[in-house]
Amino acid sequence: MGKKKRVGIMGGTFDPIHFGHLVTAEEARINFQLDKVVFVPTGNPPHKKDYKVTDAEHRYLMTALATNSNPYFEVSRVEIEREGYSYTVDTLRQLIEFYGPDTSLFFISGADAVLDILTWKNIKDVLDICTFIAATRPGYPVAQLKSKLAEIKKLYGKDVYLLEVTAMAISSTEIRKRIREGRSIKYLIPESVEAYILKNGLYR
Ligand code: ATP
Ligand code: MG
């Protein structure tokens, strides 16, 4: 019997993808000896009704462009191709079915997402299917994150791993705002993504 394959899953809206996402995925890959990291852009996310999310095909292509230079990164269309809202639990079930029992899944999530994890659909199943990696993110105190991890442990008996990521105070919201205001987004996102945004007139 061979060693189990270790696959990281990085979910997100990626509207657009930026260096905060990429550095988090890369540091998770190295720290947890992952064989690869699969980026999963959302189709129609349930928690984002406050602004109009960019068409999934644009977000998918920007994610593909941004991850292209890393041989360990891949992009999945599972959520994009599913009708209606996608929940993490459904995506993880589909992925574990796809990869089979010789694969361990690691779900990589930033601090903001981890802090509201208890509101997720079937969180117990999510924690059963994968190993959860909670990444630090500027603006979200590590102490608060740690106490959330302790709460999860108490409620579900599961360890969630804390990953201290090189701090990148970048958000997609900030990138969209800068573009709207005609400000520079250089050195915050990959050049290939910047070119794609310009060419397609996104976020104006
Ligand atoms: P938005 O501002 O539109 O919410 P975002 O920058 O938060 O965008 P998402 O696509 O919502 O990006 O995030 C996908 C995942 O990446 C989430 O788990 C989020 O916590 C994590 N993440 C995003 N930006 C960072 C960052 N700068 N550092 C660490 N993790 C991050
Ligand atoms: Mg976000």
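This is a predicted model: local features need pLDDT of at least 70, side-chain atom pairs count only at pLDDT 80 or more; totals for chains, interfaces and linings use all residues.
**Ligand 1**

I started at ligand 1 and Gly110: a polar backbone atom of Gly110 sits 2.8 Å from an oxygen atom of the ligand.

Next I checked side chains. His18 has a side-chain N or O atom 2.9 Å from a ligand 1 oxygen. For His21 I also got 2.9 Å, again between a side-chain N or O atom and an oxygen atom of ligand 1.

I found 22 residues around ligand 1, and the closest are Gly110, Asp112, Met168, Ser172 and Thr173.

**His21**

I wanted to know where His21 sits, and the answer is helix α1. Is His21 buried or exposed? I get a relative accessible area of 15% for His21, and the cut-off for buried is under 20%, so His21 counts as buried. Skipping neighbours within four places in sequence, I listed the contacts of His21 as Met10, Phe14, Pro16, Phe39 and Ser172.

**Cores**

I looked up the largest nonpolar core, which holds 30 residues. Which residues have the most contacts inside it? My list reads Ile17, Val37, Phe39, Met62 and Ile197. Helices α1 (19-31), α2 (56-67), α8 (172-180) and α9 (191-200) each give two or more residues to this core, as do strands β2 (36-41), β4 (103-110) and β5 (130-135).

With neighbours up to four places away left out, Ile17 is in contact with Leu22, Phe39, Met62, Thr63, Ala66, Ile189, Pro190 and Val193. I also noted another core, apart from the largest one, with 26 residues, including Val40, Val89, Phe107 and Val126.

**β5 and β6**

I checked how β5 pairs with β6 (residues 160-163): the pairing is parallel, over four bridges. For Ala134, I find Leu162 in β6 as the bridge partner.

**Asp35**

Last stop was Asp35, in the loop between α1 and β2.

What does Asp35 touch, leaving out residues up to four places away in sequence? I find Lys4, Lys5, Arg6 and Tyr72. Tyr72 is 37 residues from Asp35 along the chain, yet I get 6.9 Å between their C-alpha atoms.

How values were computed: Residues are numbered from 1 along each chain as its sequence is written. Chains are lettered from A and ligands numbered from 1 in the order in which they are written. Side-chain values use heavy atoms; hydrogens and water are left out. A nonpolar core is a set of buried Ala, Val, Leu, Ile, Met, Phe, Trp, Tyr and Cys residues joined through side-chain atoms within 4.5 Å. Buried means under 20% relative accessible area, exposed over 50%, partly exposed in between (1.4 Å probe, protein chains only). Contact means heavy atoms within 4.5 Å. Two strands pair if DSSP finds at least two bridges between them. A residue is near a molecule or strand if one of its heavy atoms lies within 4 Å of it. A polar contact is a pair of N or O atoms within 3.5 Å; within protein, one must be able to donate a hydrogen and the other to accept it, and residues adjacent in sequence count only if both atoms are side-chain atoms.
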